[in-house]
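Here is a quick walk through the model for anyone who wants to get their bearings before zooming in. Keep the viewer open as you read.

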Amino acid sequence: MMFWKSTYNEFIKIAAKPRSYIGIGVISVIVGIILYAMYKEGHGFIGAITWRMEQSLTLEGNILNGNLVAYIILQTLIIHVPLLIVLVTGDLVSGEGAMGTIRLLLTKPVSRTNILLSKYLAGCGYTFVMLVWLVFLSLVIGKLLFGTGDLIVLNDDVIVVLQQQELGWRFACAFSTAFLSLIMVATLSLTFSCFADNSIGPIVTTMAVIILFTILGALNVPALQKIQPYLFTNHMSAWRYFFEDPLPIGKIFNSIGILLIHIVGLLAIAVYKFKRKDILS
Amino acid sequence: MSDTPEKIIEIKHLVKHFGKFKAVEDVNFDVFRGDIFGFLGPNGAGKSTTIRAMLSLIRPTSGELKLFGKDLLKNRSYILQRIGCIVEKPDFYKYLSAEKNIEIFARLSGVDVSKSKVHKIIEFVGLKGRERDKVNGFSHGMKQRLGIAQTLVHDPELIILDEPTTGLDPQGIIDIRNLILQLKNEHNKTVLLSSHILSEIELIATRLVIINKGKTIVQGSVSDLLNAQELVVSFTIDNIEKAKQIVQSSSLNITLESETSTNLLLHISQEKIPLLNKLFCDNGINVFSIEAKRKLEDYFLKLISA
């Protein structure tokens, strides 16, 4: 009971914080610009890309459709959305320390584990809202502006044509996997948040870790090849597997497994630290 | 049935180390139901650390912490439900209104409060009309009042106020003092009050503890502790020279501290004050006022310097 009351409180706080709307605003602006650009210049852009293919293939139908636009937006934004989410989730615990409210919060008859998990649940809720907003802008508005049709994607120099009828579940799975990636980042920032008493530290540290791991994951150095499969950043684009044909089931489960292990491990560290934290702020 | 009042707080041999730094070495004290309990000590004595340990904000290194007769670490929720507190300064969610802040903390205290009760409590602390204003625009004094409202919202038995008058203007200090007295007298609350303003403690506390360098130096009832001490008392009179002669020739063993044209400042024990007053009157000296000067402050400084 107290857990749900505490979770309700956390949702109120997130909804009232001005910074919660930065991410939504930024996504709206960027997606708006992409949609406008595609609307104005999209056919020329697509024509330039498919010109070579049309030497040997005949492409029919509406290639520039809402599905392709949503796919392009996902490709463009999914790296940056985590950085916007961290602005809120990285501040969940440390922000209370910086404001001083953590002293009052932890003198209430709610266990520290419940308080942290309430914050986590509210952070996940916020992440979900961000993703739903992204889905709405890219897929719903995209389809309204550009109509619907089959999706043509290029995966490792292989052209994959996905029928319109199967795109519903593919997008649903892709967004669900993207959600898991975003939750991974939210968990990482919450964990850092438990170690700090200022707002900016966990946000910057999370961003630094994402950048560092992305670089480590991309470097072609033999010494790093043993750890690269386990870096969470290498699995954050696992949503793309749902636009391959046939589906790489093994890769999908591997990525989801590694992300889940990271999430559970980091959450355990966060709870352990938060329960033992001396409140000195 | 025992006449001894119920112990609300029992602290025995409390120790808290932060690495090599010993913040609290051996703090011991008891607070009884109905007390306004003064918690005194110089800066760095370990007051805030002790209060934080009592509220489970920090884990003690060792020692026994019992509130309402139960061990704090084993009965955290049961105990915290019965406590309202301000620790150091009252910080709130600045982006929320006063009433939303109170609602948030009430919900966490396990009570469902109606808007009208929230408004009533806000009115009780003198913030009527500011319920819907964001805390961001509140002065320090207003936040202190809101802090007290927050401590009362779930009707706790024990109220812990850590430096509640810090940064307040004289009227604010008087208002908070009156609020505390009202809580004890009209609402039957037990109040633990930590403050640097010794005159405040002296005015309202029934019992007190003084700690220094992380250790308890003395605890007891304010009147017992202070009455055992020699006081510095100012007599405002109309014939200084004659009064000085009486003081020096009397067998009361009184020491003269200083004098002005209308005042004598004397070291004198409490029971000798009426005797000296009678002596002055019998010798035709008009006594306009008798005022004890900063009793607790002198007592405190004497203990700390020792």
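A word on confidence before anything else: pLDDT is the predictor's own confidence in each residue, on a scale from 0 to 100. That matters here, since what you're looking at is a predicted model.

Chain A comes out with a mean pLDDT of 90, and 95% of its residues get to 70 or more.

## Where chain A meets chain B

The two chains touch: 21 residues of chain A are in contact with 23 residues of chain B. On the chain A side, the elements giving two or more residues are α1 (2–16) and α6 (101–105) of chain A. Which of them gives the most to that side? It's α1(A), with 7 residues.

Sorted by class, the side of chain A that touches chain B has 10 nonpolar residues, 6 charged ones and 5 polar ones.

## Chain B from a distance

What does the secondary structure of chain B come to? You'll find 14 strands and 11 helices. The C-alpha trace of chain B spans about 70 × 45 × 45 Å along its principal axes.

Chain B has 306 residues, and 40% of them count as buried. Now take the contacts in chain B between residues at least 6 apart in sequence: 69% of these join residues at least 24 apart.

## Two domains in chain B

Chain B splits into domain 1 (7–221) and domain 2 (229–305). Taken over C-alpha atoms, the centres of domain 1 of chain B and domain 2 of chain B are 38 Å apart. Their contact takes 10 residues from domain 1 of chain B and 7 residues from domain 2 of chain B.

Look at the domain 1 side of that contact in chain B. The elements giving two or more residues are α7 (198–204), β9 (207–212) and β10 (215–221) of chain B, and the largest share, 4 residues, comes from α7(B). By class, this side of domain 1 of chain B has 7 nonpolar, 2 polar and 1 charged residues.

Most residues other than glycine have a negative phi, and most peptide bonds are trans. A few spots in this model go the other way. In chain A, the peptide bond from Asp245(A) to Pro246(A) is cis, with omega near 0°. To find Pro246(A), go to the loop between α9 (200–218) and α10 of chain A.

In chain B, Asn188(B) is not a glycine, yet has a positive phi of about 60°. Asn188(B) sits in the loop between α6 (170–185) and β8 (190–194) of chain B. Is Asn188(B) buried or exposed? With 12 or fewer neighbours as the cut-off for exposed, Asn188(B) counts as exposed because it has 10 other C-beta atoms within 10 Å.

Asn253(B), also a residue other than glycine, has a positive phi near 60°. Its place is in the loop between α9 (240–249) and β12 (255–259) of chain B. Asn253(B) has 9 C-beta neighbours inside 10 Å, so Asn253(B) counts as exposed.

Key
Residues numbered from 1 in each chain as written. Chains lettered and ligands numbered in written order. Predicted model: local features only at pLDDT ≥ 70, side-chain atom pairs only at ≥ 80, totals over all residues. Nonpolar A, V, L, I, M, F, W, Y, C, P; charged D, E, K, R; others polar. Buried ≥ 20, exposed ≤ 12 C-beta atoms within 10 Å, placed from the backbone. Domains from an automatic or database assignment.
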